[in-house]
Amino acid sequence: MTQLIINGLIAGSLAALIAGGLALVYGVLGVFNMALGQMALIGGYCTWWLHQIVGLSLPLSIIGGLTIAAFVSWIAFEIFINPFYKRHRFLPLVTTIALSMILDGLILLFFEEKPRAIMPGVRHSIEVFGARISIEQIVLISFTIMLMMVLAYVLHSTAFGRKVRAVVQHDHAAMSLGIRAPLLHRFLFIMSGVLAGLGGIYLGIDQNLTPVFAFPITIKAYAAIIAGGKGNIWGAIVCAYLIAILEQLVVGVHWFGSFYVPAGYQQTVALLFIILFLLFKPAGMFSTKTRSA
Amino acid sequence: MKRLLAPLFALGILLSACTTPVDDGTGPIKLGYIGPLTGEAASYGKDTLNGALLAINEINEAGGVNGRMIELIAEDGRCTGTDAASAAQKLVNVDKVVAIIGGQCSGETLAAAPIAESAQVVMISPISSSPDVTAAGDFIFRDYPSDALKTKAMAGYFKKEGIEKVAAITENTDFAVAFRDALKENIGDALVFDEVVEPGTKDYRSLMARLKDMEFDAFFPNGQTPAAMAAMVQQLREQGLTQVAISHDVAQDASMFEIAPDAVEGLLAIGVPAVDRDSDFGTKFLAEHGEAQGALFFAAQAYDAARLFANAMTEVGTEGVAIRDYLYAVSDFEGVVGTFGFDDNGDVTGMSYVLWTASNGAFTQGEAVPVN
């Protein structure tokens with residue numbers, strides 16, 4: 001059981017990084033970014049390239065990978081989001097699908113089809129309460145949780161966070177108060193790309209990167225933000241962990257002492273989770289009643 | 001006018017799709033290729049395509065088939081049935097190829113087979129090993145042995161080594177599931193852990209946690225791709241499980257060592273004997289295309305398939321039925337991978353298996369694993 005929870009934390013941290021960024025963008029810009037999984041892969045692949053091929057140290061490679069992820073997100077915003085999202089909020093849905101296909105092609109072109117691991121080799125596992133976890137995984141999980149806390153602090157206790165929340169509540173009202181909403185949009189989109197890139201690096205260190213992995217990443221992040229409630233970053237992060245732990249429990253638990261759920265149903269859990277939420281609590285798990293005009 | 005043109009255009013496309021392929025006897029002979037050129041299984045595609053190209057270039061340099069050059073038209077099957085089916089449609093109806101080398105993944109071959117069959121276009125699959133390919137059609141051949149045989153060899157190995165409890169994780173693809181089913185027929189209840197996961201899954205940790213609480217003698221990572229298989233073995237070893245891991249030749253891929261060098265150490269694989277790097281084929285392939293992305297024998301299988309087609313067309317011409325009958329009569333073709341022929345189902349005869357062991361970043365060939 002402990003092992004299953006730990007497994008859930010490992011998978012959940014990955015999902016939380018990506019869902020957190022997605023929630024920011026969806027909450028503030030109201031934009032669906034379908035290329036998020038590809039952005040995660042780009043962060044991961046670039047880090048792999050810098051570390052394994054160029055031979056930089058791991059921290060430098062991670063910084064490099066994130067810089068490239070930020071740059072790609074910025075370009076993506078200027079070309080695929082910015083010209084469209086004010087016109088209609090569903091337009092970027094189409095443009096980012098196009099973007100995801102372009103990025104898929106670029107990833108294949110630059111990094112080939114082979115699976116890539118940023119740190120190949122067996123992890124040095126330690127036993128905690130009868131469960132095994134590697135040092136690398138402990139670092140990854142604690143780093144993710146710390147990062148989320150910093151994000152929380154920035155959003156809730158700084159002037160910058162207040163501006164973001166103001167823009168979330170009402171774009172135009174915030175602008176009339178002198179907050180430069182368009183600049184903030186751009187910044188947040190790049191931030192989400194960086195967070196996704198971190199997710200990709202996480203994946204590349206913990207498992208391995210393959211070009212086809214982008215879509216499942218995107219889907220899980222969407223499951224988390226829908227279940228968490230629109231624009232609710234905390235909801236998204238908590239739900240990312242919740243879905244991951246559920247996925248582990250569904251397959252790993254000997255239900256009623258008599259049967260196991262076949263592993264093939266594991267991925268269905270995330271999607272069932274969305275459906276159940278939309279049925280019983282359409283506004284999401286952590287939604288609060290907001291006034292609207 | 002525009003209103004009229006659109007349906008006419010559509011009708012035109014439909015009609016052009018209905019005509020049967022005809023080779024007019026002049027110009028280059030068109031040969032089709034279907035394989036995963038992109039996606040997770042692309043290393044199979046790259047190697048087999050290069051192998052086929054090597055053979056065709058050699059044949060063309062030597063004057064072609066009765067003076068006609070061979071032109072290879074490659075289509076991406078992406079290791080999926082739907083893509084392979086549209087690739088086959090295009091090759092058969094648009095390019096009107098004489099024969100097809102492919103598919104590579106069993107899912108590709110099975111999806112392309114009915115299309116080739118109905119158009120009477122012969123297919124030789126270089127590396128599809130699913131037992132289902134045996135009955136895929138009269139025009140469908142393969143020069144790689146069926147997994148039905150390999151599972152028998154594997155069961156024999158378990159018996160010899162005293163392995164009584166086998167734990168398997170299977171990727172939900174045509175190839176891997178068929179292999180699992182065939183193995184189960186041979187070892188029955190000895191398969192004590194038998195889970196099927198969706199293709200592309202990377203997180204097997206909940207299953208490993210379950211394995212930790214049970215008794216088993218051998219772990220069988222039954223993945224469609226090296227990426228999945230490496231992740232399975234890595235996560236098994238992370239849990240401190242030290243049982244022997246044994247698999248089929250998907251494991252024999254160079255990328256396994258790049259992803260999980262330590263975990264892969266000691267992994268066993270039952271596969272066909274190696275293609276000699278110093279052989280005539282080996283030196284030529286390495287000089288022209290460099291190191292194989294997956295394994296040299298992938299390329300050798302496709303090379304032999306292409307040479308077989310060339311032989312057939314030299315002897316009996318480019319008509320589908322004639323090529324088919326020629327291939328059924330082959331009993332001792334001297335290929336790069338060995339001397340082989342075809343049985344009544346278009347399955348290869350005369351191939352054998354050996355046990356491969358992963359050590360120090362490479363697989364080394366060991367004892368023979370008999371099928372009985």
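Mentor: Let us begin with contact, which means heavy atoms within 4.5 Å. By that rule, 37 residues of chain A are in contact with 36 residues of chain B. This is a predicted model, in which local features need pLDDT of at least 70 and side-chain atom pairs count only at pLDDT 80 or more, while totals for chains, interfaces and linings use all residues. Residues are numbered from 1 along each chain as its sequence is written, chains are lettered from A in the order in which they are written, and side-chain values use heavy atoms, with hydrogens and water left out.

Trainee: What area do chain A and chain B bury between them?

Mentor: The size of an interface is often given as the accessible area lost when the parts come together. Buried area is the accessible area (1.4 Å probe) that two parts lose on being put together, summed over both. For chain A and chain B the value is about 3000 Å², with 50% of it on carbon and sulfur atoms.

Trainee: How many salt bridges cross the interface of chain A and chain B?

Mentor: A salt bridge requires a side-chain nitrogen of Lys or Arg within 4 Å of a carboxyl oxygen of Asp or Glu. The rule finds 2 across this interface. A:Asp206 and B:Arg205 meet in a salt bridge, at 3.0 Å from N to O.

Trainee: Which element gives the most to the side of chain A that touches chain B?

Mentor: Helices (H or I, at least four residues) and strands (E, at least two) are DSSP runs, numbered from the N terminus. The element is α1(A), with 5 residues.

Trainee: How is chain B divided into domains?

Mentor: Domain bounds come from an automatic or database domain assignment. In chain B, domain 1 covers 2–145 + 276–337, and domain 2 covers 147–271 + 353–368. Taken over C-alpha atoms, the centres of these two domains of chain B are 30 Å apart.
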